[in-house]
Structure formats: C-alpha cells, structure tokens
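Dear colleague,

Please find the structure below, handed over for your records. My notes on its cavities and its sheet follow.

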Amino acid sequence: MERENEVKICRVCPRRCRLEEGDTGFCKARICLDGRIRAKNYGLLTGLALDPIEKKPLHRFFPGSRILSIGSFGCNMDCPFCQNFEISRSDGVFEGSVQEGLALRLESREFTPGELCQIALQAAEEDGNIGIAYTYNEPLVGYEFVLDTAKLIHGKGLKNVLVTNGCVNLSILEEVLPFIDAMNVDLKCFTDKGYRSLGGDLDTVKSFIRRAAEESHVELTTLIVPGLSDSEEDMEREAEWIASVNPEIPLHLSRYFPRYRSHEPATDISVMRKLKEIAEGSLKTVILGNI
C-alpha cells in the first residue's frame, strides 16, 4: 500500500520534480496519482492541423509534403518569449489574464492513439498526409501518449516527427526514438547561464541531440533573442559543436518577436544575416526564418 505522503521523483527531465500524491510537476502535465507519476495530459489535444512540413521546421525531410500536427499542453521550460505560452504554461483549461489586456480560455479534447491513427490515415488518402508531428507544446512531458501513438503510426507505414526542446533525459528518448523518423530540436542558446535562465540544462540538450542524430533525421532551431542567443562568439561555438555531431545537420535561425513576458524589440535582420554567415563557416545548411 502506497503511503499518501510518499514522495515520487519524475524521471522525464533534469528538474526531477519531487511529487507527493496529487501533486503536479512544474510542466503542469505530469501528476502523481495512486503512488505513480503519469501523464495528466494523456490524449488531451489543444491543437490538430494539417501543416506544411517546412513549418515544423524541417528543410530536408520530405520537402513540399504535409503532416498532421498535434499538440497537448505543458512544458518543462519557462521561456519568457514563448510563442505558444497559451498551451505551454497551461494545465489544459486556462482562464484568465496572461498579458495586460489579453484574456484567454483554452480547452482540450480527448483522443485515443487509435483515433489519431485513423485520422492520419484518412488525411494520407485524401490530402497527402505523411504522418503525425508531435508539436505545439513540449510533447515529451507526455511521452507515453507520443509513444503509444507513434507505434501505431509506424506500423501503418507513416512518419513520426517530434518537435521538442530536447531538455529531456536520455532514458525517455530511448523509449520513443525507435519510432521517430525526424525531429526538430530547439537549441535555445549555447551558454549554461542562458539555459539556466530558461529553466533548462544545456548539457542535457546536447546529449539529447547527439543521441537523436545517431538514429533519426535531425534539424535544429535557434531563436535569435537579443541578449540571449545573438552573440557572434556563441554562434561560432554553437555551429562548431553541431558540426562535431554532423555538419549535415540543418540549422534554422529564427527571428525573435516580442511575445509573452518578453518585450525587447524584434531581432535586427542584419544581426540574423551576420549570424548565418558565421554558422555557415561550420555548417552546410543554415536557414533564416521569420524574416
């Protein structure tokens, strides 16, 4: 019999949240129930859309195709410039003011892996869908649903794409990796201090990327945020490290715009172009986005 006050440690990410019965982790997506930590967001989707593969973004994986994109809620990082904060910082139903003058209500709808597989197959027949992309929030805070769905999709000959912050322990990656065909990993910046300010861990992300690149098609995205990821020296080091993993890995440099709790002006396009030039000193493919 589990004691009510027995502490369980979540194994998904470096935060290692310590949860007692009924507690929810920092990500708002994992909960301790009946003495076991499980996905509170299992099967609860806040977004479902047929997207161009380039929107993930993936540059060298079935270019020109479309993919059924799904997302739930919750995230284990806390980026002040988050583009999807409505779902990343939600617990499934959010009602209130997040920014001055902005009130939101967010609801989720429940799907089973089998239902999503049927939707994906129908979209493949009718619209040329190539599979499912797990995206919008951080999908691996609910890795159990990703795993169950990806197995079915894999079995039907369709593709699985993961869009993730990569700040996840390797034991979790090893469970889902056999079923993932491609992924885009957000490499937020290239300093330990920068990652700590976002509630993440750079070493964990680097280990995740290195392991993922051994088995899956990997592309990376760095949002160029003033004061966080716009240093020329850091970009040189980042590109050199990526090249040490594989110089063929495409790097997407995306332009920051004010969002959520971050009010700095949008990144200067001349800065974007300079950082692209620096990254191209080590990498074969560097793509500018949001310019």
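Thirteen residues, written 13 in the count, line the largest cavity, and Ser72, Asn137, Pro139, Phe145 and Val146 lie nearest its centre. A cavity is a set of points, on a 1 Å grid over the protein atoms alone, where a 1.4 Å probe fits but cannot get out; lining residues have an atom within 4 Å of a point. Strand E7 (66-71) and helix H3 (143-155) each give two or more residues to this lining (helices, H or I, of at least four residues and strands, E, of at least two are DSSP runs numbered from the N terminus). The largest cavity holds about 110 Å³ of space, a volume being the space filled by probe spheres set on the points, which are joined across faces, edges and corners.

This is a predicted model: local features need pLDDT of at least 70 and side-chain atom pairs pLDDT 80 or more, while totals for chains, interfaces and linings use all residues. Residues are numbered from 1 along each chain as its sequence is written, and side-chain values use heavy atoms, without hydrogens and water.

The second largest cavity has a volume of about 80 Å³; its lining includes Cys10, Arg15, Phe26 and Val141.

Eight strands form an open sheet of mixed pairing, in the order E6-E7-E11-E12-E13-E14-E15-E16 (two strands pair if DSSP finds at least two bridges between them). Strand E6 (47-52) and strand E16 (286-289) stand at the edges with a single partner strand each, so one side of each has no neighbour in the sheet.

Methods: 1 Å grid on protein atoms, 1.4 Å probe; cavity = no way out; pocket = protein on both sides within 12 Å on 5 of 7 lines; lining within 4 Å.
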